[in-house]
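I opened my notebook to record a few look-ups in one structure. Each entry covers one thing I checked.

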2 protein chains.
Amino acid sequence: MSENKYVYFFGGGEADGRTGLKNLLGGKGANLAEMTNLGINVPPGFTITTEVCTLYYENDENYPKNLDQQVKEALERLEELMGQEFGDVEDPLLVSVRSGARESMPGMMDTVLNLGLNDQTVNGLTKKTGNERFAYDSYRRFVQMYGNVVLGIDGSEFEEIIEAKKEEYGAEVDTDLDVKALKELVKEFKKHIKELTGLDFPEDPKEQLWKAITAVFGSWNNERAISYRNLNDIPHHWGTAVNVQTMVYGNMGEDCGTGVAFTRNPSTGEKKYYGEYLKNAQGEDVVSGVRTPKDIQELKNDMPQAYRQLVEIFEKLEQHYKDVQDVEFTIQQGELYMLQTRTGKRTAKAAIKIAVDMVDEGLIDKETAVMRVDPKKLDQLLHKRIDPDAEVDLLATGLDASPGAASGEVIFDSDEAAERGNEGEKVILVRTETSPEDIHGMAAAQGILTSRGGMTSHAAVVARGMGKPAVAGCEAISVDYEKEEFTVDGRIIKKGECITIDGGNGEVYYGEAPTIDPELDKNFEKLMKWADNFRKINVRTNADTPADAKKAVEYGAEGIGLTRTEHMFFAEDRLPIVQDMILATDTETRKKALDKLLPMQKEDFKGIFEAMGERPVTIRLLDPPLHEFLPDHGELLVEVTELRIKGNNPEKLKEKEKMLKEVERLEEVNPMLGHRGCRLGISYPEIYEMQVKAIFEAAGELALEGKKVSPEVMIPLVSDIAELKITKNSALKAAQTVLDKLGVELNYTIGTMIELPRACITADEIAEEAEFFSFGTNDLTQTAYGFSRDDAEGKFLAKYIEDNVFENNPFQVLDQDGVGKLMKIAVDKGRQTKENLKIGICGEHGGEPSSVKFCHRVGLNYVSCSPFRVPLARLAAAQAQIEDQA
Amino acid sequence: MSENKYVYFFGGGEADGRTGLKNLLGGKGANLAEMTNLGINVPPGFTITTEVCTLYYENDENYPKNLDQQVKEALERLEELMGQEFGDVEDPLLVSVRSGARESMPGMMDTVLNLGLNDQTVNGLTKKTGNERFAYDSYRRFVQMYGNVVLGIDGSEFEEIIEAKKEEYGAEVDTDLDVKALKELVKEFKKHIKELTGLDFPEDPKEQLWKAITAVFGSWNNERAISYRNLNDIPHHWGTAVNVQTMVYGNMGEDCGTGVAFTRNPSTGEKKYYGEYLKNAQGEDVVSGVRTPKDIQELKNDMPQAYRQLVEIFEKLEQHYKDVQDVEFTIQQGELYMLQTRTGKRTAKAAIKIAVDMVDEGLIDKETAVMRVDPKKLDQLLHKRIDPDAEVDLLATGLDASPGAASGEVIFDSDEAAERGNEGEKVILVRTETSPEDIHGMAAAQGILTSRGGMTSHAAVVARGMGKPAVAGCEAISVDYEKEEFTVDGRIIKKGECITIDGGNGEVYYGEAPTIDPELDKNFEKLMKWADNFRKINVRTNADTPADAKKAVEYGAEGIGLTRTEHMFFAEDRLPIVQDMILATDTETRKKALDKLLPMQKEDFKGIFEAMGERPVTIRLLDPPLHEFLPDHGELLVEVTELRIKGNNPEKLKEKEKMLKEVERLEEVNPMLGHRGCRLGISYPEIYEMQVKAIFEAAGELALEGKKVSPEVMIPLVSDIAELKITKNSALKAAQTVLDKLGVELNYTIGTMIELPRACITADEIAEEAEFFSFGTNDLTQTAYGFSRDDAEGKFLAKYIEDNVFENNPFQVLDQDGVGKLMKIAVDKGRQTKENLKIGICGEHGGEPSSVKFCHRVGLNYVSCSPFRVPLARLAAAQAQIEDQA
């Protein structure tokens, strides 16, 4: 291929291009070439490469030197092949000029059809088709499209002229216009063009062609196309190709038709042709809905020969492309032409079935099958969701805080939600935000909706932990606790009215929207088993309860990567004890409260160990700042002020004042960067000591029963080896004391979260003490960027993504350029000290496919994610390994 | 030197050791050897190396094999040299056994004197000195010391026995006890020892010696010594040496004496011998204060020969060591012995004078002079401070938030402080914490004291900006606004009482403490000029006002590295406009408020540009989150609640409610990581636009007057190149518009703060857009460690440092292991993209000596610090360069 080849011809059973040249020829052009080479009947034509587009823009909108000559040669070859000539008044060659980028950008760029018509050639078309009305209708359409696309005249102006003409002729629809009317329209269009542009409509087909080519290249940079590329992460420098192709017509009579079809059902995956066609129609008629298209199966009776050809082509294309194809075809006077083929988009369910079927059919291997399913889409299968076909009444959209759909009566008070929920009623708890005091209400509700707070707000974190649907930070709704109602966009929703939330996309609907249950079938199991055979990296789960742990094991989790012990502190019966512990001013009092918590934590851990069997269970010691367990400062302040002024309850005032003082003492300016994690463990060693005791009493007692348990103790928020050393030594001591007392030997390890930039940078030192690393990429992202997730997501980050300042939300998709590099540094330094250091990730990124793949590539041993994301991580991990081998 | 040499002999004009072997012999031992080699009269003896100490602890408290033999040989050599024998009943050799570490650890380890005495040899001592009382007093002291140091008996028990004996004999002081009483004491001491330990007091001098040596090595790991080392960053593995040295006595009669002296005045630096001595006395008598020692100059008359010898030695030592020496000496029967020499500690003022004088005397070169002054101590010279000799009444100690000393009447209300301060009264504003509404009170006060908040609290930052003394976070005081008083440790200080604060050390005193003014003299200027000639790295200042800028230039600043534009927003007349800007809900209203601020900011910048002349001036665009400019949330909440319940002022309620709503809207969970820095600039481009306009209108107008100005616009808190690109482009546009309008050409640059870990990691990308980097190490430290300075310093960080978890406060001393490595990455990556990229630092570390040196080493172009720290930075920068060349 010479560097100067800008034009690729296809037709007559052979083509210069092929599918592999998609980057150069665009998707459409490459596949037209490929089909031509396969001997499939494709209207001949040629593709001007994407390179020309790039050069055109690089050179101030000038074409490369040789292009003119190459187009001329291709056109001559086309004329020869078709036995027609461009501009021939007897039998004119007519072409379409279409864009075609690497990635499909549907409807974003422009197309010109019927190019080559003028006042002379239109007669040739009449002669050849014997249909003057058809000829003039085609001409009318060409002038209109050209005026719009090439000359930039607003399409509605032509529509107005048509409307006037229809009125004049008493025509109801376009097709009622006769030849005379159409002829007049052509004239009037041309006149309008002349008036607006001062130019005559070009009668020379070559001039038409060049202007149309330029217009299509120009459409690459129209506003629509630019913002589409921004939205879909398509690089602006890619450029589009231009396809010039002989026209074929599906609307020449009853032996004509046009249709679109999939080689298999893209919704269910069923191996059955799927599609629609219309007789005597053009492509746009199928889509526009003016006429109701017929099922593709009916073509068998309507036009048996064309159907047979089509089926043959379907088989050929699937055999060739080894995947479901989405095609467009036209039947012109009984002859079938293929106008497009591309890989068919499909639902998650279909993707899985098709992949598994194709392996069974021997069409693809298992690796390919595993690569065929987009892990991101598995979410569709694992949660209840709103029926996409249902009619719904959308109220507002918030953050997709915890996936799943749920309906219920709106309740604003947590006590009431708890009471009614526990009686079996379906309620949705609606709050501005939640606090530990709402836990019982959240637990009894079907779902949670808050008007404030981000993806790590209390509501979001707790709901995800509970596996309960939640929409958080839905700022469009305004909650009024006193009136027990919320308003949204002027509508008032009162307590007791029914709403539905979808935590998978953050949407809130009025009334009970119909939902679809999770659909896990044998195909899913089969595919996941293949994936497990391929992947190198383990998949664990983040689970704080035995129920979550069990669910995760069902979904294939190979251990627990993160148990957040603080979530156990929030339980209704424990919070007062936790508060006693926090408010203690001396170690003795604190220890007394801790002694009460110990048996509770022990039972928690026992349940989790039992659920996980001999799989490893990583338990993180207390992480959040203590004031998270105390009442809200603002609410207390209001209460105290009220009590002070009213003066009617001095005892309560005293009690509340005391609490207020404590809350103020513990309050922090930036709690995320405050007194939390191992800093608490160093300040109050007795807290970690209690937790470690609980872990090893639980593990030890199970071991005495002959059960195998593998606890891993994890120290959070280490910034310096000294912190790890201190907390680890005290944990070791506490663990050994318990085990000695029980007379049990047990394998266990003590490791650390790596969630601060300084921990990454000094990972070589930290690895001297750590028996494992686990990346906490939530905090690492917060500190690397200096973003508070709570503040950023609700405020500037949403705008950043909207305005394309950032491509992705780094809290959802791991930032490989920055945070990822810090991780890489930590992995390298950690393994420099300990060659076989076990390293995992337990931040939320552990369940995001591109992040899982990154973790595989930097050599982590495992990812850990919420139970529902385990299958997704398994699949992504397998894909990463297959990509590696490729 | 063989590896097995553990004992180094000195005496008879030659020594095995020398000063260079300080690590092996300890400071004392090395210098005794050196003096011996210099021909100075030193009582002979030997040093057992620090290596023995290390081996002793490594081998479970066993000595290395050859030690026994080597000590025996050294002892024999000593006996031969002295013509005495250990344990000789006629003329016994008596020795002292003293510790001596690499770094002096005064009073931390143990000493045994008069070793070698027993019931027989005491008679020999009597015979030789003809003084039985002296002999028995020495014996009594030996038994007492031995019992205490070697046998671990509490010293007070021996004192009790002495007290009883004094009562028995009717003696008032120890010296009243006669020979009989002393003999009885020796017996009783021995009896007491036998009772407590079950062991007889060892009569064998060799046994005494070995036990004493072991006791001294053992004292290396006594609690006192360990915590001293922790406090002073002395590694525990260094170990101590043991010096065994012939005893000499300054208390044998009127031809005896003892003293300590400096070769120059360590307080003023004056070239004049400085010290004290006592006739017929032991070393401890000089220190204890029982007798008043005489000025060393009087020795000239008292003992002219000894004085002459001493002066000769002084000269010899200074010539040899090229530095001021701090010596101990004893005169025994007319003969002068040197017992110790070491480098003399001195004040900053003395250090400078001595260094400059010694260059003038040709004793040292300028490099050495520059190295001789500890930059940290320059602070003493540049701020008013409390007279160290004054008697003061310390109330409490808080954080040294802003250096300088100030006295005044306690005032709690900012309005009152402003009023009285502006009338010329001296007041100290005392608040729990300050907010923008206190600015006018702070400006008019002599100093500020707060009970809450860290080194970056509002009070601290603003006070440093104003160059006003402040003590922040003084948690020991409890402020009661209603009663207008504060309590501290049970004491009540009422409004109007006078206190003094020292922001240089965080101390708060009752009453008006006498202060010393800054002392800058010619010596200082001379030394700083030398320093400037050596240093490679530039020194700039952080300055927000023309006054600060001028002061900094006086102190040698070569530009401004950081102007914080937000400090201009806090001014009393501007805050309402700033609030209007913040509360604006549409761009038009916001722009109106900004239009009002523009001329004010312009005047600010003009003043600063004028003060700096053609020196570069880096102006940082708005950085803090907007709610910092709004009223406190808690206070508003209380106000609104009160107004609601009272219901007597619906209008005010409405107004306050509106403000409350806005404050809540803008409130952030972690403001440090919130909507601030360039994120504001992206959300509200009009804010940065106004600031850039103000900068270039100011600069442009000055340029039109023919003045040279060099503005550098700095974008804060960039985490990703996209943020810089957007804000830079909009700044470029705004700047160019102004300059075009004025018709002025101006050189200026636009760069970025590097203050987030992600910015360091992606510095290669960021450098594509940035014309300079400036490290914001405050934020970088916060994010690298995940520490909020506001929260950490008041809470866990203080404890971390106290407990030696961390060596230093990383907000004061740059953390070279973590934060420094991130900086290094950023420097390397930045210069990878732009070879000559200008890189500076404007965090507070820019004024801390070890951090300045680090900045020099990683290749920064400049450091920037507060005006008062400029000289310090200049000196540290010079030292870094000199160290480099060494």
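**Entry 1: one residue in a strand**

I looked up A:Q325 and found its place in strand β10 of chain A, which covers residues 325-332. I kept in mind that this is a predicted model. Is A:Q325 buried or exposed? Its relative accessibility is 1%, so A:Q325 counts as buried; the cut-off for buried is under 20%. Next I listed what A:Q325 touches, leaving out residues up to four places away in sequence. The contacts are A:A261, A:F262, A:T263, A:L317, A:T341, A:R342, A:T343 and A:G344.

**Entry 2: one helix**

I moved on to helix α19 of chain A, residues 522-534. This helix has 13 residues. From first C-alpha to last it reaches 19 Å, close to the 18 Å expected at 1.5 Å a residue. I checked the start of α19(A) too. There, a side-chain oxygen of A:D521 comes to within 3.2 Å of the backbone nitrogen of A:N523.

Which residues of α19(A) are buried? I noted A:N523, A:F524, A:L527, A:M528, A:W530, A:A531 and A:F534. Around the axis they cover an arc of only 155°, so they lie on the same side of α19(A). I recalled a general rule: an α-helix has 3.6 residues a turn, so residues three or four places apart point the same way. The face turned away from the buried side carries the exposed residues A:K522, A:K529 and A:N533.

I then asked what the buried residues of α19(A) pack against. In chain A, they pack against α13 (348-360), α14 (366-372), α15 (378-382) and α36 (870-885).

**Entry 3: the nonpolar cores**

I looked at the largest nonpolar core, which has 319 residues. Which members touch the most other members? They are A:F775 and B:F775. Helix α27 of chain A, residues 685-704, gives the most to this core, with eleven residues. I followed up B:F775, again skipping residues up to four places away in sequence. Among the residues B:F775 touches are B:I754, B:L780, B:M823, B:I839 and B:L860. I also found a second, separate core of 67 residues. That core includes B:F46, B:L209, B:A212 and B:W238.

**Entry 4: two copies**

Last, I compared the chains. The same surface serves both copies, as 100% of the contact residues of chain A recur in chain B.

How values were computed: Residues numbered from 1 in each chain as written. Chains lettered and ligands numbered in written order. Predicted model: local features only at pLDDT ≥ 70, side-chain atom pairs only at ≥ 80, totals over all residues. Heavy atoms only, no water. Core = buried A, V, L, I, M, F, W, Y, C linked by side-chain atoms within 4.5 Å. Buried < 20%, exposed > 50% of the residue type's maximum accessible area, 1.4 Å probe, protein only. Helix = DSSP H or I, 4+ residues; strand = E, 2+ residues; numbered from the N terminus. Contact = heavy atoms within 4.5 Å. Expected span 1.5 Å × (residues − 1). Arc of directions from axis to C-beta. Polar contact = N/O pair within 3.5 Å; in protein donor to acceptor, adjacent residues only side chain to side chain.
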